[in-house]
Amino acid sequence: MFVEFLYALRARKIPVGTSEAVALAKSGTPGTYPVGTVVQLFPSEAMVKREAGFDAASHDWEFFSLKVQGSTTTILARGGGADVVNGL
């Protein structure tokens, strides 16, 4: 689970809900992020909170593997749970 890392993350929800996502990240306690929250740990990876039922194994997070080159970002893979492999 990602809760242990959340205080140090950049968490945001687009276009609304920023305060809820940031407050939860700073609290250090488990909780449910608003649908649409975007969390990016590294430039090459991101995750987005999806609607209930998207993927139970990932607690409804969709993961993205990204390729960043200059000002261009390309999605290499996306999905829930085991669909996207962490590059680290």
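Let me start with a term: a residue is buried when its relative accessible area is under 20%. Keep that cut-off in mind. And a reminder that this is a predicted model.

First, the aromatic rings. A pair of aromatic rings is described by the distance of the centres and the angle of the planes. How many aromatic pairs are there here? The count is one. The partners are Tyr33 and Trp61. Their centres are 5.8 Å apart, and the planes make an angle of 65 degrees. That arrangement is edge-to-face, because the angle is over 60 degrees.

Where do the two rings come from? They sit in distant parts of the chain, 28 residues apart. Tyr33 belongs to the loop between α1, residues 18-27, and β2, residues 37-42. Trp61 is in strand β4, which covers residues 61-69.

Now the backbone. Look at the loop between β3, residues 45-49, and β4. His59 is in that loop. Its phi is near 55 degrees, a positive value, and His59 is not a glycine. Asp60 lies in the loop between β3 and β4 too. Asp60 also has a positive phi, about 65 degrees, and again the residue is not a glycine.

What about accessibility for these two? His59 has 47% relative accessibility, so it counts as partly exposed. Asp60 has a relative accessible area of 14%. That is under the 20% cut-off, so Asp60 is buried.

Key: Residues numbered from 1 in each chain as written. Predicted model: local features only at pLDDT ≥ 70, side-chain atom pairs only at ≥ 80, totals over all residues. Heavy atoms only, no water. Phe/Tyr/Trp six-rings, centres within 6.5 Å; stacked < 30°, edge-to-face > 60°. Helix = DSSP H or I, 4+ residues; strand = E, 2+ residues; numbered from the N terminus. Buried < 20%, exposed > 50% of the residue type's maximum accessible area, 1.4 Å probe, protein only.
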